[in-house]
Amino acid sequence: MSQLADLVSSAKSQLDAHTVETVQWHFHESTGSPFWLEKAKSYNFDPLKEVKCFDDLKKFPHFEDEWLRGGPISRWIPKGLAGKPAYVFETGGTTGVPKSRMVIEDHWIDYENFSDTLPDEYFPRGSNWLMLGPSGPRRLRLAVEHLAQYRGGICFCVDLDPRWVVKLLKKGKIKEAEDYKDHVIDQAITILSANHDIKCAFMTPKLLEALAMRLLDDGSSIAETGIKGIFAGGTEFTPQWYRTCREELLGPDVYITPTYGNTLMGLACGKPFDPADNYKITYYAPQPRAVIETVEFSDYNQVVGYGKTGRVKLYTMTKELFIPGFMERDEGEREMPHGKYPWDGISGTRPFHEYAKTTTVGVY
Amino acid sequence: MFDIPILRFGQTYESMEKQPVVHFDTGETIAQLHQATGAMVKLDLKKSQKSRDALRSIPIRKLIEICKSAARMYLEDALPCGNGSLTPEEFCRVQSATTGLPEHMCATNMRKNAFVLGHMDDVLDALTRGLPFDILSKGYGKEARGVMVSYQATTPVFGMVLPNNSPGVHTLWLPAIPMQIGLCIKPGSQEFWTPYRITEAFFKAGLPREAISVYPGGHDVGGAVMTDCQRAMIFGGQTTVDQHAGNPRISVHGPGFSKIILGDDVVDRWEDYLDLMVDSVFANSGRSCINASGVWASRHTREIADALAQRLGPIAPLPPSDPKSPLAAFTTPGVAEAMNAQIDEGCQADGVTEVTAKYRNGDRLEKRERCDYLRPTVIHCTGPDVPLANTEYMFPFVSVVECPQNKMLSQIKQTLVCTALTDDSKFKQQLLDATQIDRLNIGPVRTMQLNWLQPHEGNIVDFLFRARAFQDTPPEAH
């Protein structure tokens, strides 16, 4: 058996064990959340007895994202974690009631794990960070701030309300949306020019682009601000954009790594840059805490073949949250395991084609 | 299959993502179009001055000669197209295959574009009102009457977000090149053929490659062109028009709502103008904003509608290669169906009657496996306020509207081309004063019979150059 096959096999065993442990936690009367304990009453199987590996999660009906809308939010808190300070993070919410996720420490754990994947050369420990992305009821701001602190730095942030930008765009107020973006970039420039020793940053692709353009207009560059490493995510990140970034926007001295994630899953890492990949971006979920499958459009329990296109199906299995198969609003191609991440990955993530026509994407 | 790269200052750039372009009828992939990004466009626009510098190194008279040579090459030569090349006949075939426009109409539009290119000296002379060309290059100079004038370029490159509906629209931006303004083009996803072919003709004729950039791509590319070019033109629907209204950086081209108006003095002789009306509605498969979508008269409107319907109603689709093919296909799924439903709904209203139905031997909407057709439709409206009285669709569609002459100008709203058939001097003056009309024809001129020596939706010279004061000596004491 090859070394990679060994790693894959080991990761699979770990995932199976983690799955069983997570299901036991969420469905046990003494530790489970009110939501899952109630839900289990409607099942024709006993999760405590009949989930013995990851594949057994297919016994659960598909998770409906509508369940995440509205309260009481406390129904999601496992009894085993009762009494701990809790956060609520939201996703969507341009119109109507947003989807919410209760979090206690997951965002810290996710980003601590992510920290281990960052190269110290470009994300020097002890240096300060700039967080240029959505704030408000989203976990990103607090998560990035924790990442900075975890690595011994301080995080500088700006305000950004993506729901307002979506409203402007839906009303065709392009100029106002551009003005708002300029307002955000103004704040970033001010922070970067204030001698705060910022060397690392999180930015959404659109804001990174806007910041880099502004700096070019001013005769400067991202590199000249002192930033060495950027992790970017939050909106679509295409291979061409990645290439333009590396070849033209950032230059050779600034490292950029794509990420894919959301409030429910945490953060999937990009496969390390390899010229042989020709800028193909492949993401790997933070297994075993979260799993991404690429599944058939016609059968969400059937994984597609390697290299084939399917919809993104997400599993979250932490002590705080259990989601046995959530259909994401994205699609992509299934990718082979990698030495650093010995489980399936996904490339070419983009809005699910059935939603793409009606969704306003990439607003911040 | 044609592999068509991005052109960045004339240099080919192969993108990571490529968009397949398919034959509207067979589904065969004809080309793959490389896809630019907004970031790429924005980065290049920071260096756009080099386009203008390259063009300014060539005298305008020489650029006009290049235009004339390019016109001939565009019309007659085999020219590169991505990784292949196309003769004029092949060009019409592939253009038809992706746009749904019949091949003979593609050829007509080629001739239209070539005409403007080939007569660029006359066009520029007319649009600049006889200005010595070196004033545009130098920025100032004296007119023949000895008056100092100054024209300052408002932008080094002219940005454009081009449409798919009709290849004739490219005539509008061609004068930019001899005025030494570079081009930053986002071509249509189906009708990218003409911008590429004209560009290749320009290059073959000796234009510096830095002068033209072509960025096929998605909405972010269009957005970058619109926000980062100091002057840009865009084509779109009424929403696009409303979005950019009043923005001095943007020349927006939307629906034309072009009309034919019959004055009370000639309306009793309406039959004399039937050919003019039919042609104005029907030419180019009714795809252009300069096609008539309204015929307004105070009386005889039912007879006019019926006569138009008799001529237009029986017209049915033919294969696009047929030299008599009269109708363009709708290649975007759902578009024809949506228009058809809107028309059907409008026809439910009081005062609205479809007149073509009885002459059509079939439904208005013809659905095919991969495309749809809408057959010509004539609507009679009893007044200007009923639904469909002031509507435009991208096929031969016309509303014949009954309206007293003294109410017409207050009711016609924005009108790109108005052909007024009247000898009534008072009415003619009112028409001349009507600011909602862009191009005014008084007399028997078909709405799509454009004279290229006239400005269209604003003068491109005024858009790309700013007249301003310039003095190099003190004025006379006063």
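**Exercise 1. Strand pairing in chain B**

Tyr151(B) has Ala467(B) in β24(B) as its bridge partner.

Solution. Note the ground rules before starting. This is a predicted model, in which local features need pLDDT of at least 70, side-chain atom pairs count only at pLDDT 80 or more, and totals for chains, interfaces and linings use all residues. Residues are numbered from 1 along each chain as its sequence is written, while chains are lettered from A and ligands numbered from 1 in the order in which they are written.

Step 1. Take the two strands. β9 (residues 148–153) of chain B and β24(B) run antiparallel and are joined by four bridges. Strands pair if DSSP finds at least two bridges between them. Strands themselves are DSSP runs of E with at least two residues, helices are runs of H or I with at least four, and both are numbered from the N terminus.

Step 2. Write the order. The sheet is open, has three strands, and reads β8-β9-β24 in chain B with antiparallel pairing.

Step 3. Find the edges. β8 (140–142) and β24 (465–468) of chain B each have a single partner strand, so one side of each is left without a neighbour in the sheet.

**Exercise 2. Positive phi in chain B**

Locate Arg129(B), a residue with positive phi that is not a glycine, and Asn284(B), another such residue. Is each buried or exposed?

Solution. Step 1. A residue is buried with 20 or more other C-beta atoms within 10 Å of its own, exposed with 12 or fewer, and partly exposed in between; C-beta atoms are placed from the backbone.

Step 1. Arg129(B) has a phi of about 55 degrees. Its place is the loop between α6 (120–127) and α7 (133–138) of chain B. Arg129(B) is exposed because it has 9 C-beta neighbours inside 10 Å.

Step 2. For Asn284(B), phi is near 55 degrees. This residue sits in the loop between α11 (274–282) and β16 (292–297) of chain B. Asn284(B) is buried because it has 21 C-beta neighbours inside 10 Å.

**Exercise 3. Cis peptide bonds in chain A**

Which residues are joined by the cis peptide bonds at Pro72(A) and Pro288(A)?

Solution. Step 1. Gly71(A) and Pro72(A) are joined by a cis bond with omega about 0 degrees. Pro72(A) is in the loop between α3 (47–50) and β1 (87–91) of chain A.

Step 1. Gln287(A) and Pro288(A) are joined by a cis bond with omega about 5 degrees. Pro288(A) is in the loop between β9 (282–284) and β10 (290–295) of chain A.
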